[in-house]
There are 4 protein chains.
Amino acid sequence: MMEKKVVLAYSGGLDTSVILKWLINKDYNVVAFIGDVGQKEDLNLAKEKALECGASKVYIEDLKKDFIENFIFTAIKASALYEGKYLLGTALTRSLIAKKQVEIAKKEGTNILAHGCTGKGNDQVRFELTWMKFLSEVEIISPWKEKEWLAQFKGRIDLIKYAKKEGIPISATLEKSYSVDENLMHISYESGILEDPSKEPSQEMFKFTLSPKKAPNKETKICIEFEKGIPVKLVNLSKNKEVKGSLELFEYLNKLGSENAIGRIDIVENRFVGIKSRGIYETPAATILFKAHQDLESITLDKEVMHLKELISPTISKIIYNGFWFSPEMEFLMAAINKSQENVSGKVYITLYKGNTIITGRESENSLYNQAISSMDKEGGYNQISAKGFIEITGLRFKLQGITNEVMAKEMQTK
Amino acid sequence: MMEKKVVLAYSGGLDTSVILKWLINKDYNVVAFIGDVGQKEDLNLAKEKALECGASKVYIEDLKKDFIENFIFTAIKASALYEGKYLLGTALTRSLIAKKQVEIAKKEGTNILAHGCTGKGNDQVRFELTWMKFLSEVEIISPWKEKEWLAQFKGRIDLIKYAKKEGIPISATLEKSYSVDENLMHISYESGILEDPSKEPSQEMFKFTLSPKKAPNKETKICIEFEKGIPVKLVNLSKNKEVKGSLELFEYLNKLGSENAIGRIDIVENRFVGIKSRGIYETPAATILFKAHQDLESITLDKEVMHLKELISPTISKIIYNGFWFSPEMEFLMAAINKSQENVSGKVYITLYKGNTIITGRESENSLYNQAISSMDKEGGYNQISAKGFIEITGLRFKLQGITNEVMAKEMQTK
Amino acid sequence: MMEKKVVLAYSGGLDTSVILKWLINKDYNVVAFIGDVGQKEDLNLAKEKALECGASKVYIEDLKKDFIENFIFTAIKASALYEGKYLLGTALTRSLIAKKQVEIAKKEGTNILAHGCTGKGNDQVRFELTWMKFLSEVEIISPWKEKEWLAQFKGRIDLIKYAKKEGIPISATLEKSYSVDENLMHISYESGILEDPSKEPSQEMFKFTLSPKKAPNKETKICIEFEKGIPVKLVNLSKNKEVKGSLELFEYLNKLGSENAIGRIDIVENRFVGIKSRGIYETPAATILFKAHQDLESITLDKEVMHLKELISPTISKIIYNGFWFSPEMEFLMAAINKSQENVSGKVYITLYKGNTIITGRESENSLYNQAISSMDKEGGYNQISAKGFIEITGLRFKLQGITNEVMAKEMQTK
Amino acid sequence: MMEKKVVLAYSGGLDTSVILKWLINKDYNVVAFIGDVGQKEDLNLAKEKALECGASKVYIEDLKKDFIENFIFTAIKASALYEGKYLLGTALTRSLIAKKQVEIAKKEGTNILAHGCTGKGNDQVRFELTWMKFLSEVEIISPWKEKEWLAQFKGRIDLIKYAKKEGIPISATLEKSYSVDENLMHISYESGILEDPSKEPSQEMFKFTLSPKKAPNKETKICIEFEKGIPVKLVNLSKNKEVKGSLELFEYLNKLGSENAIGRIDIVENRFVGIKSRGIYETPAATILFKAHQDLESITLDKEVMHLKELISPTISKIIYNGFWFSPEMEFLMAAINKSQENVSGKVYITLYKGNTIITGRESENSLYNQAISSMDKEGGYNQISAKGFIEITGLRFKLQGITNEVMAKEMQTK
């Protein structure tokens, strides 16, 4: 019998470790793939664990710069904010990891791919759509959607039992209060005790940021510089410290944001599969970048372009959230977004303080803000009398409707 | 000669006082109209001043409840947020005041209306469009767009000179650092020293809210209850105090918001006339209501309705901002919005703290959030295996595109 | 064993007859439901056939007026045209029939429903979504998605074999060249020899309309009158014949349209399941009504409402096509559409001739068209000089961009 | 006194001839500019006339290829169709001519530009916005918006009187029944006797196309080939004649369209200035190209891209119609459109017959249409059972809403 090889997206946690073993027990040759997207875990430990479980090979790929430059920064250019609130920190990594996983599958000469995502969530979709895109003959193993697996593993307890039986080292306790996903951009918390959307989570849960109450009673003043919509320099004005380079900039901004309690949200979101789900997120750096970028656009984007972009951003957010990052529709809309960013260069001044991201000023060499014309005190090249005609013509249809209504009212009377 | 009667939107300030006198000097019979939208000024003093200037009659109309119930709450139902940031506090009053002014004109038997707005701003449009809508034969006097006036009054100094000459009591000093517009919903600041968008305004400017730094180092926990998208009850959980009634609720929420430093923004916005303009706003209560309402929608709005509403809200914001509140397009879109709000009833729990509006929980009798189905631990009526087919079909076009691309690639090779 | 009762959407054709028998052979008590949506077939014959096959009961429901008044006319009000071409004749019936089927199931005290639609098409979705909407505990039997059925019936030949074996009377020959769906609104043709989208279908295929070549070389002049977006009167001006009543009007317009070769299209459309599919349609009356209604809107709809409606109609078309007729998003958007139709009353004059639907005139009591103001010869209350200010302000941002660009160009030179 | 030089967009007609003379009488040095966009007039005769009137110089620029390749084909790629009906034949030329006029002004060293458009129409806006864009310091002479001119010329009769007095050769009679605008793409008719939108125009009016009744009783079969959304080859299959080259192709298609009565419409449209206006258009070639291109997209565009494009096209149509061709918002949206056209290559088969443009087939090397998967008879790689899960998940929210409604209903009962 030909041995079948599978590339498994591996995290080092209980679920994917059990899946790894289970696949081996089903005679698969399992190659484990760990994407390093900035999760604060010892990935070498995870690698060892995979090998212990019987993986024939383990790949650890450093995806951090790729994640920041090609995913996070792109989403910020597009002002992507799912349902007006969520910055898409998990969605973005899934598309990236799934694509790398296909590359490894091709290198390993297999078309079998596996992940450990649940059948109720978004991540399964993000993985599988990306696989289908880049490997049209993909064979997907998604245990949580397999009858056999579901019969064997009814809950967490069965996973732990299996792990013990198979000698898989586990740190997990029986009762996990909630599940956590962590990367450079954010930490997300969901399920478990968080499933009651009326209950406030405990402050102990938060791992990434200080709470507004615990944050220092002192402002941090920064300046972020953008070129064509991309952050290129961060200055901590309070400390006269300057940082460049995408990874360095992002990590330092995470530090400043975390210290100043920036970026927590508690929301109920609509999953792609139609379930409403409660999620809590900590997203320090990206929250600040999103606001800074949005503010810089206010002086560098043409008004009509800005208003059209407002209609496009929610759609891009949905595309990303639902896992269609690598899709024709994403390329279609991003062509417009990229066009719009050509002039989005300049500086934004921000004060961080106890949960607040306070924009205090902005400037750009190609600012469309014109102080002379904006001024209420000077003419500045603007002829106020022209506004008469502007309003007269703009309101013309109201006048005509008025006349129509009066004619109709009269006719009604004479009837 | 028949005396001509004009109804002037009067504020009691320097500009409209000079206009009042100027109109009288041009032989108009001037009726002054003061709309009380919650500006913290002595309106009786303004009335006296108008009479002193020579107004034949002065109307003071209490528009506060009308403003809250029919304008602010409507805008919040629609999630109206101009350019993603501005809650439209000035725009909303203008449409309301302008409509009342027409009613007074009809009562007074005239079709001549006047305002004191500049020719560069949005307010002129909001006034005049509303007038054209409700009085199609309106004759508009807008001095700042009149040649004669502009020749006479080149700047603030000319207004003061005229006021002195005509015996108009003025408190204004020659140099005003910026202009202020105040009502129940917000205070806005613009022009003058604020016209450099890179410069942070002085903390002394802010009149409505405490700064995050000055706000008490103590959380205020509240609960807001909505019925069909409208706030109907506010509970201060920290003090066990409960408030009902639109005006009482809104004013008390303003108090709590102001004390906790909620609702300041510093933005550059696109005026309707095509000028970019820097504005600073303080909007305590409405900021909290907007966020609370948005959160309640997350459990009470159907996903697809929510996503469609996201595409409509920016358009409604533009309609309001540009002064088209009373327009067929507003009625058209609000018909959909009102439909969507039928189930938006429930409670939102919020912590106010030093500039932060932290949502901590939400609940509703008609919540579409289903804990059983959302749960990652239970099946809850959701068949995970079904997700297999869902993803397979959803990703079908990717597979087909993959096949097409491969066919094309092969054909390219054989050529 | 408790007998299980199922309500089957029955057409009288080969597929649903075999399904009926197959269900009986699986010990179901089968109630057949035939929705009369104007298909030109002997439904009593179909009823007899169902009984012969063993149905315990057969319902024939006359849905024609419901179809016209609550589905076709609604779609026309919304200007629903899927992918810019398809008037949704099949989609509309499916939602209607599925809803009636639930009513019958409730009457019959069962929650088991069956249809004979393929697993590749749209109709399955339209049926099942409607069932899920109105009967949340529905148990669905959809043989073409069942393993057991698919194993037994690989193609048409197996159905015929089974029918012969079971004594089901069949008229079907082995080779059907294409499949046909017929109702009051349209006939659709797809699959079989039509599956090559580059090949023109034979003229013999068309059953509903004459071809332009065969249509009489003579114009038919008609006038259609609408009230609030709904057609209420049809006058054949060529014959001085007048028709009222939704069914009579629609049938007579079908006759006129068919004779004059109106309403054929040949398209490739995107099915909901992600497959591109070639379809050919004949839709005489609805094609004329769509155009007439669209034309009447041109004088009765406010410009901005019309332009917003243009952005909403494609979404409504998708909602209908995909089977979400009974959905919150449909209610949401139709609230706006219905608002817009309040003034869409008036007459449209049309010439039908050899495939052409030529609009020749329109009139309305509440027309917003104003001949005086529109006139190029008269002022008509329009002050042309005002247009100066209008354009000046409208183009202001171009001027400002020009200045910005020049400043930047100069700076580039000096660098 | 320094002589002032003005570049006048000159047509050779009565209006611009009188304007030319009038400007000279006001001591302007007038340079006449005639843009050749395919109007069927003797432009050399117009040139002579301009010189006779006193123009110091006359430019005739052949803009035909530029018009076709950079304007018409772009609009067709974007599926631009104003208010669902108008292909924008006049709008497109105005932006082009206005831009060329600026180039000539720069060459001639002046910033004064003039046109002869009325103050009620769209053309004035299209000219002036383009001028403001490319010549921010432009000085505009638009006589029909000038007090002095309007005082002197109240109507057509005054123009004729002035022409006679000044010795301007005129062919115009006093009463023109309607006004005509002609170019390669279309002829438009408006005003005069057409201003009653309920009256059918006389058949004698139409200059470009035969009427369906007069067109030959014989089909013309053609094939149009596109590359990346651009038509590159036209084959008359009936005559085995092949044409390439943008101008040749377009002119030959105009011929075929005209002979077969293609492209007449009679509409009421909303002008940018808020007036509803009745227009009649003949647009043979572009009508056929629009439909052919739209059809080719049905097999070459991804479904989601097509559906997004449907939401963008109406906005592009408005942008073009209103004269914003050269705007940031046009660049923004066209970036997406151009991306979408990369695969829009292939052939469309069409039958032209007595007003009908009948699509009979289409094919493309990069077709996304997949006959195997589309087939109702074969599996073709599509697993029908998967559709079960697809529908189950897609309809999940309906089930949940059903459950919510039932819970609420029960609670209502127990109250």
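This note goes through the predicted model point by point, from one chain to the contacts between chains.

1. Ground rules. This is a predicted model, in which local features need pLDDT of at least 70, side-chain atom pairs count only at pLDDT 80 or more, and totals for chains, interfaces and linings use all residues. Residues are numbered from 1 along each chain as its sequence is written, chains are lettered from A and ligands numbered from 1 in the order in which they are written, and side-chain values use heavy atoms, with hydrogens and water left out.

2. Chain A overall. Chain A has 14 helices and 14 strands. Helices (H or I, at least four residues) and strands (E, at least two) are DSSP runs, numbered from the N terminus. The C-alpha trace of chain A spans about 85 × 70 × 45 Å along its principal axes. Of its 415 residues, 65% are buried. Buried means under 20% relative accessible area, with a 1.4 Å probe and protein chains only. Take the contacts in chain A (heavy atoms within 4.5 Å) between residues at least 6 apart in sequence: 69% of them join residues at least 24 apart.

3. Helix α1 of chain D. This helix covers residues 14-25. Its 12 residues reach 16 Å from first C-alpha to last, close to the expected 16 Å. The expected span is 1.5 Å times one less than the number of residues. α1(D) is mostly covered, with 9 of its 12 residues buried. Among them are Leu14(D), Val18(D), Trp22(D) and also Lys21(D). Asp27(D) follows the helix and has a positive phi, near 70°.

4. Strand β13 of chain D. Strands count as paired if DSSP finds at least two bridges between them. β13(D) pairs with strand β8 (residues 220-227) of chain D, antiparallel, over 7 bridges. In that pairing Ile222(D) stands opposite Ile350(D). β13(D) also pairs with strand β14 (residues 356-363) of chain D, again antiparallel over 7 bridges. Here Leu352(D) stands opposite Thr357(D). β13(D) and β14(D) form a hairpin with 2 residues between them. Lys354(D), in the turn, has a positive phi of about 45°.

5. Chain A against chain C. The contact takes 25 residues from chain A and 25 from chain C. Interface size is often given as the accessible area lost when the parts come together. Here the buried area is about 2,300 Å², and carbon and sulfur atoms give 63% of it. That area is the accessible area (1.4 Å probe) lost on putting the two parts together, summed over both. There are 2 salt bridges between chain A and chain C. A salt bridge is a side-chain nitrogen of Lys or Arg within 4 Å of a carboxyl oxygen of Asp or Glu. One of them joins Asp302(C) and Arg397(A), at 2.8 Å, N to O.

6. Symmetry of A and C. A rotation of 180° with 0.0 Å of shift along its axis superposes chain A on chain C, RMSD 0.1 Å. In chain A, Phe390(A) comes closest to the axis, its C-alpha 1.8 Å away. The copies meet through the same surface, because 100% of the interface residues of chain A are also interface residues in chain C.

7. Symmetry of C and D. Chain C can be laid on chain D by a turn of 180° and a shift of 0.0 Å along the axis, RMSD 0.1 Å. The two copies are therefore related as by a two-fold rotation axis. In chain C, the C-alpha nearest that axis belongs to Leu311(C), 2.9 Å from it. The same surface serves both copies, as 100% of the contact residues of chain C recur in chain D.

Definitions and conventions
Least-squares fit on C-alpha atoms with pLDDT ≥ 70 in both. Buried < 20%, exposed > 50% of the residue type's maximum accessible area, 1.4 Å probe, protein only.
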